[in-house]
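Please read the numbered points below beside the sequence and the model. They are intended for a reader who is new to the entry.

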Amino acid sequence: VFGGTSVPTRRLLVIALNLFLLTGAFAGLALVSTPSLRMSLLASLPEAWRPEVLRAVLAACFFTCGFAMFGPISLFGLSAMELSAPELVGTTSSLVGLCAQVGGLAGGYPFAAALSMYGWTNMVWLLLCTSAVVTGLSCGLCLSEGARSSSRSAARKSTEKTRESRKER
């Protein structure tokens, strides 16, 4: 599937795909949280079905958010453990987990303050825009890393051919 790309490039691709899913989930939440968009979405449905459809859309969006967030978190921890010395894997895993928890805690207050000032609808749109920007950046990083990886493999093959030709002489 990944066509001989390096392991970090494959991980970046998985992270970019999960962020793309997360952006789609935030788009669904933005659609449901904006009253005018929600009414146009539900206008063609019978009145009795509207609450159930709204619940199903919200459930699908929240499920997709949880699913899309788990992959990158696991891959970040796995990458940190692979880069550490074998005797420090447990410590590395704990430190990465601690940093993630502190980051989530530190990000909670600004989000809550902005939420109280601007309301849920604007915050969902902000999450959608932020997620789209991060997804674009990670896709660009994935593409640049893939190009760098392919140029490294081409250089490696060229070096091997040069060594083989020198051995033949």
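With which side chain does the side chain of Thr-23 make a polar contact? Point 3 gives the reply.

1. Basis of the note. This is a predicted model, in which local features need pLDDT of at least 70 and side-chain atom pairs count only at pLDDT 80 or more, while totals for chains, interfaces and linings use all residues. Residues are numbered from 1 along each chain as its sequence is written, and side-chain values use heavy atoms, with hydrogens and water left out.

2. Overall composition. The chain has four helices and zero strands, in the order α-α-α-α from the N terminus. Helices (H or I, at least four residues) and strands (E, at least two) are DSSP runs, numbered from the N terminus. The chain holds 169 residues, of which 24% are buried; buried means under 20% relative accessible area, exposed over 50%, and partly exposed in between (1.4 Å probe, protein chains only). Where contacts link residues at least 6 apart in sequence, 71% of them join residues at least 24 apart, a contact being heavy atoms within 4.5 Å.

3. Thr-23. This residue belongs to helix α1 (residues 7-33). The side chain of Thr-23 makes its polar contact with the side chain of Thr-135, at 3.0 Å. The term denotes a pair of N or O atoms within 3.5 Å; within protein, one must be able to donate a hydrogen and the other to accept it, and residues adjacent in sequence count only if both atoms are side-chain atoms. Leaving aside residues up to four places away in sequence, Thr-23 touches Leu-128, Ser-131, Ala-132 and Thr-135. Why does Thr-23 count as buried? Thr-23 does so because its relative accessible area is 13%.

4. Aromatic pairs. The whole structure contains two aromatic pairs. One of them, Phe-63 with Phe-67, is stacked, at 6.2 Å centre to centre and 20° between the planes. Rings of Phe, Tyr and Trp (its six-membered ring) pair if their centres lie within 6.5 Å; planes under 30 degrees apart count as stacked, over 60 as edge-to-face and the rest as tilted. Both Phe-63 and Phe-67 lie in helix α3 (residues 50-83), four residues apart, or about one turn of the helix. Phe-63 counts as exposed because its relative accessibility is 62%.

5. Leu-37. Helix α2 (residues 35-42) contains Leu-37. With a relative accessible area of 31%, Leu-37 is partly exposed.
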